[in-house]
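Dear colleague,

I am handing over the structure below, and after it you will find notes on what turned up in it. Please read them with the model open beside you.

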Amino acid sequence: MGAMGVTGTTADRFKAAVEARDLDAAEGLFTEDVRLYSPVKFTPFEGRPMVLGLFGVLLRTFEDFRYVGELAGSAQTAAGPDGGSADSVILIFRATVNGKQIHGIDLLQFDEAGRIKEFTVMVRPQSAVQALGEAVLAGLVEDGLAPQP
């Protein structure tokens, strides 16, 4: 099984965990030092506990969340000055947040063992990004993962 086989399996397991709202199933799919780049914050969320906490908030925030497509290949990562390339999977999703229709992608990038080391979320349109940002910040504060604004 080539590298894409391993990462494809990780992506499938991640999708299944999200669709089942099962954070425990997702936990082992991330590296300890995973970084999540969100549409609402320039700096990444860092480390497995923080990223899992964020996913807990996202799963509460999104209504009618569903993956509607998948693309696989390789892409440059954000980390490191040389910005090396990594096996990557793009999961395309649709959801609703506070009545706003969201269209987005999750870019999953993998280490050699097939675990997710970088996770980038991109969302459109801008009104949905704003609604998502407000809802996620409120959820992070509620869960004690971010200070009161």
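Ala17 sits in helix H1, which covers residues 3-19; helices here are DSSP runs of H or I with at least four residues, strands are runs of E with at least two, and both are numbered from the N terminus. Ala17 is buried, its relative accessible area being 5%, where buried stands for under 20% relative accessible area, exposed for over 50% and partly exposed for what lies in between, with a 1.4 Å probe and protein chains only. When neighbours within four places in sequence are left aside, Ala17 is in contact (heavy atoms within 4.5 Å) with Asp22, Ala25 and Ala26. Between the C-alpha atoms of Ala17 and Leu29, which are 12 residues apart along the chain, the separation is 10.0 Å.

Please bear in mind that this is a predicted model, in which local features need pLDDT of at least 70 and side-chain atom pairs count only at pLDDT 80 or more, while totals for chains, interfaces and linings use all residues. Residues are numbered from 1 along each chain as its sequence is written, and side-chain values use heavy atoms, with hydrogens and water left out.

Some backbone details follow. Asn98, although not a glycine, has a positive phi of about 50°; Asn98 belongs to the loop between strand S4 (85-97) and strand S5 (100-110), and counts as exposed because its relative accessibility is 59%. Asp64, also not a glycine, has a positive phi of about 55°, and lies within strand S3 (residues 63-76). Finally, the peptide bond from Arg124 to Pro125 is cis, with omega near -10°, and Pro125 is placed in the loop between strand S6 (116-124) and helix H4 (126-142).
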